[in-house]
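Here is a short briefing on one protein model, meant to be read with the coordinates open beside you. Take a look at the structure first, and then we can walk through it together.

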Amino acid sequence: MVAVATDDGQKRARAEVVEVSDLALKVRLQEALSPSDRRGWPRAEVVLRMMTRKLRPGESMNRHGILSLLPTDGRWQTEEVVLSGTGMRAPLGGEWACGDRLELRLHVPGRRGGDHFLTVAEVVQIFDDESPVEQAIRFVDLPENARVRLGEIVDQARMSDLVEDAW
């Protein structure tokens with residue numbers, strides 16, 4: 001996937017590498033340039049494990065140094081979610097309202113045990129026309145290096161989808 005600055009704004013296209021040198025990379029476009037994703041952070045469907053705990057008003061996340069204790073009533077659930085570096089859309093289970101805050105633990109499977117993330121999130125939209133009901137949440141205090149890593153996971157999932165579609 002390449003992004004190209006044009007007079008009409010940034011555009012994207014799939015491309016294949018045809019030549020590599022010390023100073024340049026030559027690619028051949030496989031499709032016409034099209035407008036880039038309107039979102040600052042792309043999104044992709046990703047299967048992950050998560051645990052949520054609703055925070056009471058004014059409550060902060062239970063952090064002890066760099067370790068956070070697992071809630072005694074918590075349980076992991078595996079879901080296919082729409083993930084980005086700034087939030088996700090997923091069926092959280094339970095009763096949620098817009099503005100609710102939650103402690104969110106994510107585990108994205110991968111090499112070397114996968115990636116683990118711990119953050120506070122806020123419910124920003126509820127999709128009750130879905131079955132099960134889904135919530136859109138935004139990550140509130142996710143460190144920038146974790147946001148970048150989530151972006152890399154999303155990019156990898158999108159590239160995998162492109163490769164599958166090509167075959």
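In strand S10, Arg89 is the bridge partner of Val82. Strands here, like helices, are DSSP runs numbered from the N terminus (E, at least two residues, for strands; H or I, at least four, for helices). Please keep in mind that this is a predicted model, where local features need pLDDT of at least 70 and side-chain atom pairs count only at pLDDT 80 or more, while totals for chains, interfaces and linings use all residues. Residues are numbered from 1 along each chain as its sequence is written, and side-chain values use heavy atoms, leaving out hydrogens and water.

**Strand pairing**
- S9 (residues 77-83) pairs with S6 (residues 44-55) in the antiparallel sense over 7 bridges; two strands count as paired if DSSP finds at least two bridges between them.
- S9 also pairs with S10 (residues 87-90), again in the antiparallel sense, over 2 bridges.
- The link from S9 to S10 is a hairpin of 3 residues.

**Leu48**
- Leu48 lies in S6 and stands opposite Glu79 in S9.
- Leu48 counts as buried because its relative accessibility is 1%; buried means under 20% relative accessible area, exposed over 50%, and partly exposed in between (1.4 Å probe, protein chains only).
- Its C-alpha atom is 7.4 Å from that of Val81, 33 residues away along the chain.
- Beyond four places in sequence, Leu48 touches residues including Val81, Leu83, Leu106 and Val108, where contact means heavy atoms within 4.5 Å.

**The largest nonpolar core**
- This core has 25 residues, and Leu83, Met88, Leu104, Ile137 and Phe139 touch the most other members. Such a core is a set of buried Ala, Val, Leu, Ile, Met, Phe, Trp, Tyr and Cys residues joined through side-chain atoms within 4.5 Å.
- Two or more residues each come from S6, S9, S10, S11 (101-108), S12 (115-127), S13 (134-139) and helix H1 (144-166).
- H1 gives the most, with 5 residues.

**The whole chain**
- Of its 167 residues, 32% count as buried.
- Among contacts between residues at least 6 apart in sequence, 58% join residues at least 24 apart.
- The chain exposes about 10,900 Å², and carbon and sulfur atoms supply 49% of this area, computed by the Shrake-Rupley method with a 1.4 Å probe.
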